[in-house]
Amino acid sequence: MSRASNKEDQFYSLLLTLSKNVLAAVTVWDEITRGWPETKARIPEVLDLENRCDATENEILSELNTSFITPFDRDDLDALARNLGEVGDLAEGTSARYEIFDVHDMVPEAATMTGLIVESMTDMVALFERFHDFRKDPVVKELVKKIGALEDEGDIVYRNALGRIFNEPDDPIHVLKWKSLLDQMEHTLDYCKTIVNNVSAVIMKNA
């Protein structure tokens with residue numbers, strides 16, 4: 001195998017590792033959401049996993065800054081790494097807010113949203129397992145469409161949740177807390193869609 005091929009394989013491997021680390025972080029976030037408040041003590045686990053995400057993201061960016069050889073446009077590679085990292089950041093930041101905001105009970109839509117995020121990242125890992133062959137493997141495009149559809153589904157859940165929360169007579173502080181938390185969840189799914197948009201751009205540029 002040539003030195004160029006080794007370098008290209010390294011980037012694909014690091015993207016896969018990063019996606020797996022992000023999946024681990026959002027999975028714990030989802031488990032915390034579903035088990036709250038008994039799962040409060042698990043919040044630091046998400047921070048540990050987010051630190052792993054940061055380390056892998058930084059490794060990709062460091063390699064990118066020192067490599068003459070990249071498997072595709074370096075701006076797209078930079079965007080993929082940073083946007084995957086943002087999903088990990090949002091998992092950590094939002095789970096921490098459960099305690100900061102003194103959340104007592106989860107609204108029912110919260111677990112639906114985190115479940116969609118886990119499903120999206122599970123598909124993302126499957127995508128990056130095949131990404132080295134994106135020019136030929138049709139499954140990559142299928143996964144792009146599936147993750148985009150999950151984000152659309154999340155938009156519906158998010159809007160319905162906001163409508164319910166704002167129309168129920170309740171403590172305005174409760175409304176403000178959950179508006180903020182649901183916004184973060186929706187942003188996380190937005191980043192998942194942004195990542196597959198980045199993937200689509202790579203496919204189109206290298207068709």
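In this predicted model, D183 is buried at a relative accessible area of 15%, where buried stands for under 20% relative accessible area, exposed for over 50%, and partly exposed for the range in between (1.4 Å probe, protein chains only). Because the model is predicted, local features need pLDDT of at least 70 and side-chain atom pairs count only at pLDDT 80 or more, whereas totals for chains, interfaces and linings use all residues. Residues are numbered from 1 along each chain as its sequence is written, and side-chain values use heavy atoms, with hydrogens and water left out.

**Salt bridges**

- The structure contains 12 salt bridges, the term being used for a side-chain nitrogen of Lys or Arg within 4 Å of a carboxyl oxygen of Asp or Glu.
- Between D183 and K179 the salt bridge spans 2.6 Å from N to O, and the two residues, four apart in helix α6, are separated by about one helical turn; helices here are DSSP runs (H or I, at least four residues), and strands (E, at least two) are likewise DSSP runs, both numbered from the N terminus.
- Salt bridges with shared partners also join E31, R42 and E45 into one network.
- D137 and R130 form a salt bridge through their side chains at 2.8 Å, N to O; D137 is buried, with 12% relative accessible area, while R130 is partly exposed at 35%.
- K193 and D152 form a salt bridge at 3.2 Å, N to O, and this pair links distant parts of the chain, with K193 in helix α6 (residues 172–205) and D152 in helix α5 (residues 138–167), 41 residues apart.
- Both partners of that pair are partly exposed, K193 with a relative accessible area of 26% and D152 with 37%.

**Cysteines**

- The structure holds zero disulfides, a disulfide being counted when a pair of cysteine sulfur atoms lies within 2.5 Å.
- The closest cysteine sulfur to that of C53 belongs to C192 and is 12 Å away, which is too far for a bond.
- C192 is likewise in no disulfide, its nearest cysteine sulfur being that of C53.
- C53 is buried, with a relative accessible area of 0%, and C192 also counts as buried, at 1% relative accessibility.
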